[in-house]
Amino acid sequence: MAAAAVACRLLRLAPRRLRKPRHSLFPTPLALSSAWRRYCAAAPPVAAAATPTGDAVGEFRRRIRVAEVKGGEDQGAAWVGKELTVRGWVRTCRAQRTVTFVEVNDGSCLSNMQCVLTPETEGYDQIDSINTGASVLVDGVVASSQGGKQKVELKVSKIIVIGESDPTSFPIQKKRASREFLRTVAHLRPRTNTFGAVARVRNALAYATHKFFQDSGFIWVSSPIITASDCEGAGEQFYVTTLLSNSAEGGCLVNSIPSKDGRVDWSQDFFCKPAFLTVSGQLNGETYASALSDIYTFGPTFRAENSNTSRHLAEFWMIEPELAFADLNDDMACASAYLQYVVKYILENCKEDMVFFDTWVEKGIIDRLNNVAEKNFVQMSYSDAIKLLIGSNKKFEFPVKWGLDLQSEHERYITEVAFGGSPVIIRDYPKEIKAFYMRQNDDGKTVAAMDLLVPGVGELIGGSQREERLDYLEGRLDESNLNKDSYWWYLDLRRYGSVPHAGFGLGFERLVQFATGIDNIRDAIPFPRVPGSAEF
């Protein structure tokens, strides 16, 4: 140890000796430094770390789904003689004397794969476990079917029951179940024909939405779910708070909520102010449109409207594009092009499901959608629409008067009866019935707003040219009794490089309803959130 101390002292006093020697017998600077460190600390040499080894991750391979086999024009004839593995859930199992037919659906399409089993099939001893709802893996060879319902079937060489299903308690049986009942088992209803088809069409509409806007040069923006502002000014928002503690037994005590002057003390909350679940991503979208020109948001929104109707959800998805350097005419053109694009997409890519909806849900829906995809959209002012409704001499449930909002029955009469099934855009609404951010027209009474009406639904899209003038926008906030301090950042957009801009909002579930004919909006979303129900 004494020798080590002396060596350390010599190294500190003679730094010139640290120069790299000329001879290769000496170690490199890094190794030399390491050796000195070990020597001065009188520590044993550190063994070099072993290089870790492991198995390589396997290659991801796309599985062949039933839709790829049976979805072509030949309905699977090209697959005859080829081996196939099907993974899915049993729809039905019919046992005969020498053969058993098992219908298996993997969710990729409406059609099942008919699997033919014989006593020689490996795994046939599990036949008593092959019940409706069970999950199975089936290997076999595709063959021409002797039955008339399908072109091909699977001659099974091996079947494995992966997950059993108790036939006495499985709630979804072959007999038809009401949609009201299926909402009580929303975790299992995707296995039915109707809700499987709804899910696939919903997926196709979402894909087509992104493709339309991406191909049109728009940029997708993630708008926040938590907000401190109310886009619609209606006040029907869900609070987001941490003031309600669940630490106490039985939940939060009312007297434990911080208060000041008889009111909730929001300064002690997580965000130090009232915060809500958003009702719209529009205001945030406008900020990015003011920098990136054309953007769109596509995400969940929420509304605490205590309405138990077939048209309302507490949680729903919204598509909200914003176009910079644009007016109301540009907005209407974009909305029309978008709707026609997504309708054409599902008609071309979801043919089997659309035939199912046309047969079992709404007869004539394919013709109705074709009309939307092919016909020119027409526009008319709100004032002209009121004159049209009054002149129809039709007795409506809700009154028709200038200054009142149009109801669904009015909208559907205009598009279905007056214009024979063509989509109609109503524009220039009274400012009193529209949101604060809509641009005021020169007449001082109306705003540059538009609603796109379609047959079977009524209003599907609502949009407007936004108010880009600071003084007008501040005036509208005052008229709406909204706190301008909460919108300081939104007003800043009018202070720094304001431009004319426009946008629209589309409730995605209403679009799903329109495309499928499903009459209750609770069946257009996987897990509906409505007053009194937040299951699943």
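Five bridges join strand β2 (residues 100-105) to strand β3, and the two run antiparallel; helices (H or I, at least four residues) and strands (E, at least two) are DSSP runs, numbered from the N terminus. This is a predicted model, in which local features need pLDDT of at least 70 and side-chain atom pairs count only at pLDDT 80 or more, while totals for chains, interfaces and linings use all residues. Residues are numbered from 1 along each chain as its sequence is written, and side-chain values use heavy atoms, with hydrogens and water left out.

**Confidence**

pLDDT is the predictor's confidence in each residue, from 0 to 100. The chain averages 90, and 89% of the residues score at least 70. Please take care with residues 4-42, where pLDDT stays under 50.

**Around β3**

Two strands pair if DSSP finds at least two bridges between them. The table gives some bridge partners, with one from another part of the chain.

| Residue | Bridge partner | Strand of the partner |
|---|---|---|
| V104 | M113 | β3 |
| V116 | K155 | β5 |
| I426 | D451 | β15 |

**The open sheet and its helices**

Further along, an open sheet of 8 strands has the order β6-β11-β12-β17-β16-β15-β14-β13, with mixed pairing. Its edge strands are β6 (219-220) and β13, each pairing on one side only. Helix α10 packs on the sheet and touches β13 and β14; its direction makes about 90° with that of β13 (axes are lines fitted to C-alpha atoms, for helices over the stretch in contact, and angles run from 0 to 180 degrees between N-to-C directions). Inside the sheet, 6 bridges join β14 to β15, which run antiparallel.

Helix α11 (residues 408-418) has H410, E411, Y413, I414 and T415 as its buried residues. What covers them includes β13 (378-381), α10 (382-391), β14 (424-430), β15 (446-454) and β16 (458-465). After α11 comes G420, with a positive phi near 60°.

**Nonpolar cores**

A nonpolar core is a set of buried Ala, Val, Leu, Ile, Met, Phe, Trp, Tyr and Cys residues joined through side-chain atoms within 4.5 Å. The largest one has 53 residues, and L205, F213, L339, I346, L511 and F514 have the most contacts inside it. Helix α7 (residues 328-349) supplies the largest share of this core, 11 residues. Apart from it lies another core of 27 residues, including I426, A449, Y490 and L493.

**R494, a buried arginine**

R494 is found in helix α13 (residues 488-495). Why does R494 count as buried? It counts as buried because its relative accessibility is 7%. Its side chain makes a polar contact with the side chain of E286 at 3.0 Å (a polar contact is a pair of N or O atoms within 3.5 Å; within protein, one must be able to donate a hydrogen and the other to accept it, and residues adjacent in sequence count only if both atoms are side-chain atoms). The R494 side chain also reaches the backbone oxygen of E467 at 2.8 Å.

Terms used. Buried < 20%, exposed > 50% of the residue type's maximum accessible area, 1.4 Å probe, protein only. Contact = heavy atoms within 4.5 Å.
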